[in-house]
Amino acid sequence: MKHLRSIAEMGTGAVTRILDLTDHMVEVNLRPNPKVPALRGRTVCNLFFEDSTRTRLSFETAAKRLSADVMTFTAGSSSVNKGESLRDTIETVAAMGVDAFVIRHQSSGVPWQVARWTTASIINGGDGWHAHPTQALLDAYTVRTALGRTGGLDGLRVAIVGDIRHSRVARSNIEVFTALGADVILVAPTTLLPPTPLAPSTHDLDSIIGDVDVLYLLRLQTERIKDAVVPSIREYSTRFALTPARAKRLGEHVLVMHPGPMNRGVEIMVDPAEIPGAMITKQVANGVAVRMAVLFDLLSATDRSTGLEVSA
Ligand code: NCD
């Protein structure tokens with residue numbers, strides 16, 4: 001694989017390969033010295049044109065654990081503020097010698113555009129409303145390991161709740177869970193569903209909450225919402241938040257997930273620490289291992305020794 005830009009582009013075979021490789025990266029992360037020389041001499045550049053905490057730090061950590069060199073660029077403090085174009089920015093950084101760009105950008109499709117301007121691998125760290133494939137991979141990995149499965153997720157019932165319409169996480173997660181054989185149901189008001197149906201949907205969280213294996217909560221993407229899509233936050237929470245009453249109805253086996261950042265009091269009105277199946281911290285931890293697997297898969301395919309087998 002040269003690039004990682006969407007789950008659809010990867011296909012199920014590559015998804016499974018990355019999830020299997022992640023098991024090895026989790027093992028590396030458990031070592032007293034969680035660092036291997038696998039990508040020594042490679043350079044990874046994080047280019048973030050949109051805000052990020054988890055994704056940026058997670059890629060940075062992942063690259064360092066594999067001994068790659070890391071450059072991090074945040075648009076707010078760069079020459080983008082002086083009017084430099086995206087293309088000039090990419091070509092400038094690429095000229096310094098970069099093997100992979102991790103890109104987050106507010107416009108959908110940027111990872112495909114950028115791939116025309118550089119020979120480096122492109123990893124999509126979130127493009128507009130469109131896709132966030134490494135989030136989907138880490139979520140699929142989290143579910144797979146929590147359930148002790150090694151293959152697909154056949155028959156698993158996954159509910160994705162909230163602002164599906166503006167969410168790249170929802171789009172990529174629908175693709176990954178469906179590819180692995182799970183049944184996805186979307187729970188949202190009509191105003192927060194995409195105009196083209198991506199999966200079966202309902203407006204009634206209470207009607208399905210007793211019947212799911214995974215409850216995946218999303219933030220209202222207020223930065224992308226221009227119109228009044230919900231009457232009020234309070235009304236939205238009454239209908240779509242994980243409230244204490246709804247948490248009581250969840251079976252002990254139900255995994256509760258959120259990509260972060262969480263808006264407490266909006267989509268989640270209970271302390272996740274009190275929910276037995278809460279996976280939110282686990283998702284973040286697994287994010288590092290999944291991104292190590294992605295970087296390794298994209299960048300180790302040369303005749304240079306990978307060194308993965310060498311215990312640090
Ligand atoms: C998400 C994103 O940026 O798409 N965050 C993340 O990467 N964990 C979700 C969000 O911003 O709500």
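In this predicted model, four strands form an open sheet in which the order is S2-S1-S3-S4 and the pairing is parallel. Strand S2 (69-74) and strand S4 (121-127) lie at the edges of the sheet, and each has a single partner strand, so one side of each remains without a neighbour in the sheet. From one strand to the next, the twist averages 15°. Strands of a sheet pair through backbone hydrogen bonds, and this pairing can be either parallel or antiparallel. Strand S1 (residues 43-48) and strand S3 (residues 100-105) run parallel and are joined by five bridges, and Phe48 stands opposite Arg104 in S3. Helix H3 (residues 86-94) packs on the sheet, where it touches S1, S2 and S3, and the direction of H3 makes about 155° with that of S3.

A packing of two helices was also examined. Two packed helices are described by the angle between their axes and by the distance between the axes. For helix H2 (residues 54-65) and helix H10 (residues 280-299), the axes come within 8 Å and cross at roughly 55°. On the side of H2, the contact is made by Arg54, Thr55, Ser58, Phe59, Thr61, Ala62, Ala63 and Arg65, while H10 contributes Val284, Gly287, Val288, Arg291, Met292 and Leu295.

Definitions and conventions
Residues are numbered from 1 along each chain as its sequence is written. This is a predicted model: local features need pLDDT of at least 70, side-chain atom pairs count only at pLDDT 80 or more; totals for chains, interfaces and linings use all residues. Side-chain values use heavy atoms; hydrogens and water are left out. Axes are lines fitted to C-alpha atoms, for helices over the stretch in contact, and angles run from 0 to 180 degrees between N-to-C directions. Helices (H or I, at least four residues) and strands (E, at least two) are DSSP runs, numbered from the N terminus. Contact means heavy atoms within 4.5 Å. Two strands pair if DSSP finds at least two bridges between them.
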